[in-house]
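Subject: A structure for you to look at

Hi,

Here's the structure I promised to send over.

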Amino acid sequence: MRFTGTDNYVATDDLKVAVNAAIILERPLLVKGEPGTGKTVLAEEIAKALGAPLITWHVKSTTKAHQGLYEYDAVSRLRDSQLGDPRVSDIRNYIRKGKLWESFESDVRPVLLIDEIDKADIEFPNDLLLELDRMEFHVYETGETIKAAKRPVVIITSNNEKELPDAFLRRCFFHYIRFPEPDTMEKIVEVHYPGIKKRLVAEALRLFFDVREVPGLRKKPSTSELLDWLKLLMAEDVGPEVLRERDPKKLIPPLHGALLKNEQDVHLFERIAFMTRREQR
């Protein structure tokens, strides 16, 4: 099983090396990077490239590690026992399988995505150490041990919202997805919008990277936001000459709502435009 990228995902050479190293070592691949750099999509494309089923576990702030293994619904069992439901005789009827259990039972080696692990409590990664290491866990209610039939390819994403424990990091192969350079970004745009006008892309990329370099910007626009912006530019038939315009009154990019996602950043551009006009008087 080797990952060489797909037609829909532009993977850099170092990312391909990281994915294949994690597969060979049979260790989870921990992927970090700015939001919008394609961390979640990477797992989807790895599954496509390997012809493997994708099992996704989206982690939230309230998610607990045991939910990835299983959950025992004692309340439903108690209610059914009061109603005389015959299902109560088998406790398995009240055990809901989690995403790890689902991936362990797969007959074909799956890709398991644990998405945004840093959103959960700090103890969340430590609580999964043994299960991800041994690829097995014990179900106390039934006394059985669930062991992976085929060791899944585990992809774990993090937005760096909090530090992960050292013991967890030791068990992972790590890769940081750097923000794409202009050349790589041009390839990404071409994948999503084949045949798009080169002049429009050139001017849009120039303006996009200029926006990202503005000092004091609270949220830099990401790849996904660039793609949304380009889609709007094409839909509204905005030409490259509009993007090239240097009028200080129009310093904020057209359709900027696709790029600037909070009022502080919009006000920042308005202040820059005001300062530029004042300096030119």
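Below is what I found, one part at a time. Keep in mind that this is a predicted model.

Let's start with α9 (residues 182-192), which packs against α11 (residues 223-235) at about 55°, with 11 Å between the axes. Angles of 65 to 115 degrees would be roughly perpendicular and those under 35 roughly parallel, so this pair counts as oblique. The crossing of α9 and α11 is right-handed. On the α9 side you'll find M185, I188, V189 and H192, and they meet T223, L226, L227 and L230 of α11. Sorted by class, that contact between α9 and α11 holds 6 nonpolar and 2 polar residues, with no charged ones.

Look at the numbering in α9 too: M185, I188, V189 and H192 are the ones that touch α11. An α-helix has 3.6 residues a turn, so residues three or four places apart point the same way.

Now for the partner of α9 on another side of the story, α10 (residues 198-212): α9 and α10 pack at about 130°, again with axes 11 Å apart. This pair is therefore oblique as well, and its crossing is right-handed. Here P182, M185, E186, V189 and E190 of α9 meet K198, V201, L205, F208 and F209 of α10. By class, the contact of α9 with α10 has 7 nonpolar and 3 charged residues, and no polar ones.

How do α10 and α11 cross? Their axes come within 11 Å and cross at roughly 135°, which makes α10 oblique to α11. The crossing is right-handed here too. L200, A204, L205, L207 and F208 in α10 meet L226, W229, L230, L233 and M234 in α11. That contact of α10 with α11 is made of 10 nonpolar residues, with no polar and no charged ones.

**Helix α2 and what covers it**

Next, have a look at α2 (residues 39-50). Its 12 residues should span 16 Å at 1.5 Å a residue, and the end C-alpha atoms are 17 Å apart, which agrees. Which residues of α2 are buried? They are K39, L42, A43, E45, I46, A47 and L50. Among the elements covering them are the helix α1 (13-25) and the strands β1 (29-33), β2 (54-58), β5 (111-115), β8 (153-158) and β9 (173-177). Just after α2 comes G51, with a positive phi of about 65°.

Most residues other than glycine have a negative phi. E116 is not a glycine, yet its phi is positive, about 60°. You'll find E116 in the loop between β5 and α6 (124-127), and with a relative accessibility of 22% it counts as partly exposed. D237 also isn't a glycine and has a positive phi, near 55°. D237 sits in the loop between α11 and α12 (240-244). Is D237 buried or exposed? It is exposed, because its relative accessible area is 64% and the cut-off for exposed is over 50%.

**One buried serine**

Last, find S103 in helix α5 (residues 99-105). Its relative accessible area is 0%, so S103 is buried. Leaving out residues up to four places away in sequence, S103 touches I55, P110, L112, K150 and P152.

Key: Residues numbered from 1 in each chain as written. Predicted model: local features only at pLDDT ≥ 70, side-chain atom pairs only at ≥ 80, totals over all residues. Heavy atoms only, no water. Axes fitted to C-alpha atoms, helices over the stretch in contact; angles between N-to-C directions. Helix = DSSP H or I, 4+ residues; strand = E, 2+ residues; numbered from the N terminus. Parallel < 35°, antiparallel > 145°, perpendicular 65-115°, else oblique. Left-handed = near helix turned anticlockwise from the far one by under 90°. Contact = heavy atoms within 4.5 Å. Nonpolar A, V, L, I, M, F, W, Y, C, P; charged D, E, K, R; others polar. Expected span 1.5 Å × (residues − 1). Buried < 20%, exposed > 50% of the residue type's maximum accessible area, 1.4 Å probe, protein only.
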